Every structure is written in structure tokens, then in C-alpha cells.
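The following note sets out points on the fold, the packing and the charged pairs, for reading alongside the model.

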Amino acid sequence: MKYVNANDILPEELLSGIQKYYQGGYLYIPKEAHRKSKQQTDYKIELGKRNQYIYLKHLEGRTNRQLGSIYHLSEPSIRRIISKERVRYQKMKERIEQIISLWGIEGRQISQIYPTAWEVITPTEINQSYIVKIYDNKEQLERNIKILTILAKCSIPVAEVIPARTGEQYVEHENSYFLMSKKLRGSNVTDIKDLAMTFKMGRAIAQLHNAFIECEKTIDFWDNSLLKEMKGWVLETLKKDGWQIIDKEEFSKTVKSLEQVYDHLPSQLIHRDVHFGNFLFFEGSLSGYIDFDLSQRNIRIFDICYFLTGLLAEESDEAFTSDEWMEHVKSVITGYESISPLSAVEKESIPCVMECIEILFAAYFISINDTKHAIDACHVLHFIKSCEIELKSAL
């Protein structure tokens with residue numbers, strides 16, 4: 001029998017996993033009579049999804065050290081993954097380089113900041129940067145332009161759209177639509193445990209909600225319902241999965257609790273994707289709101305709950321303890337209510353809405369065969385359930 005060094009044949013992440021159970025000796029791995037190609041394919045798919053998440057978090061500003069901690073990989077491995085993912089987007093960069101002249105901008109440097117967004121940096125003497133965002137849906141793009149226009153009139157800091165030289169507000173090219181806007185000053189928050197910043201996030205969400213009411217007067221939006229989602233596609237997805245990740249009784253109890261209060265929860269236009277990545281701060285003050293692609297009518301506390309549950313998704317050493325998270329819950333609510341008071345029913349419903357959001361996430365990840373993140377959402381769900389009493393007391 002021939003022995004080989006595992007370092008020479010196994011991927012680093014797989015070797016690291018094996019070393020948790022056995023290391024420093026010989027390990028016999030028997031031959032498989034019939035190689036299960038499906039298992040190999042599933043493993044490659046999971047690795048592909050993981051690499052995409054790593055690249056996305058890299059674009060959001062995570063360091064290689066942080067990403068290595070989250071995904072249990074070395075920094076050199078993280079760098080290799082980022083480099084390979086960057087190559088995948090090279091063709092899109094080339095497309096943007098071709099059409100950027102339609103805005104009359106020359107001598108620029110182009111860099112990716114999100115899977116569908118690129119920064120265009122002009123020469124230092126001009127000192128202006130722009131963001132080019134790519135859309136596949138024309139209606140969504142045109143609606144977003146209307147949102148930006150109305151919010152700007154409400155003195156909400158949003159990106160200014162730059163018309164092309166033709167006077168059109170966007171450019172159509174090869175079945176895609178390109179929108180250019182001035183880059184807002186500021187950056188995403190990196191210290192997610194800063195209580196002062198979560199207080200400001202609470203205020204920022206409330207200010208945006210107030211301005212969104214003006215948008216509803218002139219723009220038609222998708223009138224969504226968290227309750228209908230839970231009783232519709234979420235339920236069907238979990239049934240199809242055989243309740244393997246989310247317990248059926250747990251689901252029914254949570255939805256019943258939401259149903260009892262749902263008609264008493266105020267609905268309006270919401271952002272629907274509230275996290276530190278979509279709110280910019282400059283010198284400690286809010287400097288801009290971005291990404292209204294998912295905006296819809298829904299219960300307004302959805303945005304607050306979405307943001308707070310998102311803080312729990314942290315997988316690195318920066319993950320919140322229950323006490324730390326509870327302080328941030330209080331901070332966000334206090335910030336929100338400094339602008340717009342919440343009703344007693346809304347406060348009472350926050351734990352239930354948080355739990356529904358995590359069940360929704362679990363169902364979504366199940367639907368795209370992403371078991372890892374579905375299980376992660378389930379863990380957050382159970383964490384929130386374990387904090388229900390403390391949450392209601394704090395609120």
C-alpha cells in the first residue's frame with residue numbers, strides 16, 4: 001500500500017476539517033466501489049457558493065484575516081479565492097470600460113465594489129468618483145430613479161443620477177441597463193459593536209421611513225405581506241424539505257403568534273435590506289442611503305428586525321454575545337423612537353417578527369440548496385427564541 005502526504009492531495013479546508021478528528025498518523029481511506037458523482041457535484045456547488053460569499057464580503061470591506069476567521073481558512077487561501085472570483089467579473093468590467101464614454105468621462109480607473117456595482121474614479125485634478133450599477137430589470141431601475149428623486153427632495157442623502165450625453169438617465173447595452181450616479185461620501189461601518197453607531201442606525205431607519213411616506217404618494221409599490229409569505233412560499237418550501245431544518249411545530253407556533261397581531265402592525269414603504277453595508281457614514285454622521293432594489297410595502301418594524309437579526313449572522317470572533325446584542329437592540333429602538341415612536345403592539349411583536357425573518361431566510365436558502373446558510377439561520381432563530389423574555393423586558 002502506498003502512503004501519500006495529505007498536504008499534497010487534499011484541499012486546505014478539507015484537510016483542516018480532518019485534522020480536528022485525527023492528525024500525526026496514518027489514516028486509511030478505503031476505495032469507493034462506485035464514485036458518487038452527485039456528491040462531488042454538490043461539494044463543488046457548495047464551494048462555489050462559499051467562494052461567492054467570500055468575494056462579496058471582501059467587496060464590503062472585510063479583511064482577509066476576518067474572512068479567514070469566518071470560513072476557517074488561511075489568509076493565503078482567502079487571497080487565492082478572491083483572485084479567482086475577480087477573474088470571473090473581468091468580462092463585465094470590460095463591458096463597462098466600453099460604454100463609460102457614453103457619459104463623457106475620460107481618464108478613469110474602474111474597480112468593482114459589489115457584484116453589480118463598479119466605482120469609476122476620475123483623474124485627481126477633477127476629484128470626482130462615480131458609481132455604475134448594472135440592472136437586468138428595466139422597471140426596477142426606473143422605479144429606483146423615481147425613489148432617488150423624491151428622497152432627494154425630502155433632504156435625504158441619496159446618490160445623484162448622472163444623465164448620459166444623450167440626456168437619458170440610464171444606458172441600455174446588450175440587454176442590460178447601466179445607471180451612473182455620483183459616489184456619496186463616507187463608508188460602511190466596520191465596528192459593528194459600536195453602540196453609538198447602532199443608535200444612529202435606528203435614527204437613520206426612522207428618517208428614511210418618514211421620507212418613504214412621500215414616495216408612496218406618487219409611486220406604486222409592491223404591497224407585500226410577511227404573514228402571507230410565511231403562510232405561502234415559506235410554508236411550501238419547508239413542507240417540501242420535510243421539515244428537516246425548521247421544526248413544523250415551531251413554525252406553526254411562530255406564525256400563529258404573528259397572525260394574532262399582524263393587522264395591528266403599521267405598514268408602509270420600507271427599505272427591506274437594512275444592514276451596515278447600505279448605510280454610509282462620514283466622520284460619525286449619516287452621509288447616505290443606498291440600494292433600494294428590494295423596497296416594498298410591508299410592516300415597518302421589518303426593517304428594524306432585519307437589521308438586528310443581521311447583527312447575529314456574524315460568524316467570526318466578532319460575533320455578539322446575548323448581553324452585547326441586547327444592548328444593541330435597546331440602542332436601535334431608542335434611536336428609532338427619537339424620530340418616530342413605536343406602538344406597544346409593535347414593540348411586543350419584535351421578537352416574533354425577528355423569528356419569522358430567520359425562518360424566511362432558512363426557507364430561501366433551502367430553496368437554493370444552500371444547506372449551510374439555512375442551518376445558520378435556524379441557529380439564529382433559536383438564539384432569538386432563547387432571548388424572548390429578555391427582549392420583551394428590554395422593549
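Is E160 buried, partly exposed or exposed? E160 is partly exposed, with a relative accessible area of 45%; buried means under 20%, exposed over 50% and partly exposed in between, with a 1.4 Å probe and protein chains only.

1. Basis of the note. This is a predicted model, in which local features need pLDDT of at least 70 and side-chain atom pairs count only at pLDDT 80 or more, while totals for chains, interfaces and linings use all residues. Residues are numbered from 1 along each chain as its sequence is written, and side-chain values use heavy atoms, with hydrogens and water left out.

2. Overall composition. The protein has 15 helices and nine strands; these are DSSP runs numbered from the N terminus, helices being H or I of at least four residues and strands E of at least two. Of the 395 residues, 45% are buried. The accessible surface is about 21,400 Å², and carbon and sulfur atoms account for 50% of that area; such areas come from the Shrake-Rupley method with a 1.4 Å probe, and for residues only the protein chains shown count as cover. Of the contacts between residues at least 6 apart in sequence, 74% join residues at least 24 apart, contact meaning heavy atoms within 4.5 Å.

3. Nonpolar cores. The largest nonpolar core contains 86 residues, and L151, L226, M230, F251, L258 and W325 have the most contacts inside it. A core here is a set of buried Ala, Val, Leu, Ile, Met, Phe, Trp, Tyr and Cys residues joined through side-chain atoms within 4.5 Å. Helix α13 (residues 344-367) supplies the largest share of this core, twelve residues. A second, separate core has 27 residues, including L59, I70, I99 and I134. In soluble globular proteins, nonpolar side chains tend to be buried together.

4. Beyond its neighbours within four places in sequence, M230 is in contact with L235, F251, V255, L258, C356, I359 and L360. K231 is found in helix α9 (residues 226-240) and counts as partly exposed at 43% relative accessibility. With residues up to four places away in sequence not counted, K231 touches V255 and E259. K231 and K256 are 25 residues apart in sequence, with a C-alpha to C-alpha distance of 9.9 Å.

5. Strand β3. All seven residues of β3 (residues 129-135) are buried, so this strand is largely enclosed by the rest of the structure. S129, I131, K133 and Y135 point one way, and Y130, V132 and I134 the other. In a regular strand the side chains alternate between the two faces of the sheet. Strand β2 (residues 117-121) pairs with β3 in the antiparallel sense over five bridges, with Y130 as the bridge partner of V120. Strand β5 (residues 176-182) also runs antiparallel to β3, joined by six bridges, and M180 in β5 stands opposite V132. Two strands are taken to pair if DSSP finds at least two bridges between them.

6. Salt bridges. There are 17 salt bridges under the rule that a side-chain nitrogen of Lys or Arg lies within 4 Å of a carboxyl oxygen of Asp or Glu. K183 and E119 form one of them (3.1 Å, N to O). K183 lies in the loop between β5 and α8 (195-216) and E119 in strand β2, so the pair ties together parts 64 residues apart in sequence. K183 is partly exposed, at 36%, whereas E119 is buried, at 11%.

7. Further charged pairs. E160 forms a salt bridge with K182, the closest N and O atoms being 3.7 Å apart. E160 sits in the loop between α7 (138-153) and β4 (171-173), and K182 in strand β5, 22 residues apart. K347 and E337 also meet in a salt bridge (3.1 Å, N to O), linking helix α13 to helix α12 (residues 322-337). Salt bridges that share partners join K133, D291 and D293 into one network.

8. Q268 is found in strand β6 (residues 267-270) and counts as buried at 9% relative accessibility. Leaving out residues up to four places away in sequence, Q268 touches H209, F212, I213, E216, Q296, R297, N298 and R300.
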